[in-house]
Amino acid sequence: MESAEREEGEMLRYEETEDDDVSPTDLSELLKEGTKESHDRAENTQFVKDFLKGRIKEELFKLATVALYFTYSALEEEMDRNEDNPVFAPLYFPLELHRKEALIKDLQYFYGEDWKEKIQCSEATQQYVDRIHHVGQNEPELLVAHAYTRYMGDLSGGQVLKKVAQRALKLPSTEEGIQFYVFGNISNAQQFKQLYRARMNALDLDKSTKERIVEEANRAFRFNMQVFDELDKIGKSLAEAQDGGLPVHDGKGDLHKCPYYADKLAGNAGPSCPYHGAVALAKQPLVQLMLAACIAVLAGAAAWYMM
């Protein structure tokens, strides 16, 4: 829809007017320049374009919230672990930034009080969660890459996604279902982002460590791209199922590597290809959770693109 596209342009122009008086060797600038290729790849995904135009189904948005919950639970657990570590302590803003509690509210809105029994971490999300835990416990100096990527994106392009989702899904004006995007303890997002970047640029890091942080940020995008591929394939299968078709595996390649492999997704021992059961598969919780991971990272990519 045109209004969403106008909002996107306004956000982009707003971000371009920032003047943080930065140096090319500052970490924030290195991250911005060092992840441009990743941004370009992310911005060209059809899903991002569709989301910004308001083409988002409520069920998919709910599943995205699930993936975000697992991602931020891991991230904030590791941030808490390193709150006194000098390589991260200056960027520890739990009251202002932490999203886990907000996501719990969103899950309660969408799934009810027994939401914990209705959700599960998908394979793609788990891979990213595992990486976050590894970084927090073994290479905490790289934690800044994940925190900066997520939170600065949420405060920038994420605010556009919030408006698009609220309008497209006809969510309440009281912001139920989109608490994830509501930063009640930040009165001025622009000023806070400038403070965060200044704190990040003031970290005592050598050139090698800064390069590793940029590499880690790109690693996060590589996780994203793997999930995008899952989204494309599963989305096509589900679309055909909704149209009443029953797509069949073409028999080429290793069936066990097929992203729709029924036994892997459903936890059964049989060898049948899930293409034959596309309609039934569309209702499988783990398939839906895989979609959740896809949408979560795409939303993050969209947010990065609009920073």
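1. In this predicted model, the charged end of R99 sits over the ring of F183, 3.9 Å from its centre. A charge counts as sitting over a ring if NZ of Lys or CZ of Arg is within 6 Å of the ring centre and within 35 degrees of the ring normal. K62 gives another case: its charged end sits over the ring of Y111, 5.0 Å from the centre.

2. Some ground rules apply to this note. Residues are numbered from 1 along each chain as its sequence is written, and side-chain values use heavy atoms, with hydrogens and water left out. Since the model is predicted, local features need pLDDT of at least 70 and side-chain atom pairs count only at pLDDT 80 or more, while totals for chains, interfaces and linings use all residues.

3. The confidence needs attention. pLDDT is the predictor's confidence in each residue, from 0 to 100. Its mean over the protein chain is 77, and 65% of the residues reach 70 or more. Helix 6 (residues 94–97) has the highest mean, 98, and helix 13 (residues 262–266) the lowest, 39.

4. Where pLDDT is low, the predicted coordinates should not be read in detail.

5. The protein chain has 15 helices and zero strands. These are DSSP runs numbered from the N terminus (helices: H or I, at least four residues; strands: E, at least two). Of the 307 residues, 53% count as buried. Buried means under 20% relative accessible area, exposed over 50%, and partly exposed in between (1.4 Å probe, protein chains only). Among contacts between residues at least 6 apart in sequence, 80% join residues at least 24 apart.

6. How many aromatic pairs does a search of the whole structure find? It finds ten. Rings of Phe, Tyr and Trp (its six-membered ring) pair if their centres lie within 6.5 Å; planes under 30 degrees apart count as stacked, over 60 as edge-to-face and the rest as tilted. F61 and F110 form an edge-to-face pair, because their ring centres are 6.1 Å apart and their planes stand at 70°. This pair links distant parts of the chain, with F61 in helix 5 (residues 58–81) and F110 in helix 7 (residues 100–111), 49 residues apart. Both F61 and F110 are buried.

7. Y72 and F180 are also paired edge-to-face, because their ring centres are 5.3 Å apart and their planes are at 70°. Y72 is in helix 5 and F180 in the loop between helix 10 (157–168) and helix 11 (189–201), so the pair ties together parts 108 residues apart in sequence. Y72 is buried, with a relative accessible area of 0%, and F180 counts as buried at 3%. Ring pairs link Y72, Y151, F180 and Y181 into a cluster.

8. Back to K62, which lies in helix 5. Is K62 buried or exposed? K62 counts as buried, because its relative accessibility is 12%. Apart from neighbours within four places in sequence, K62 is in contact with F110 and Y111.

9. In helix 3 (residues 36–43), S38, H39 and A42 are buried. They cover an arc of only 100° around the axis, which puts them on the same side of helix 3. The arc is that of the directions from the helix axis to the C-beta atoms.

Notes
Contact means heavy atoms within 4.5 Å.
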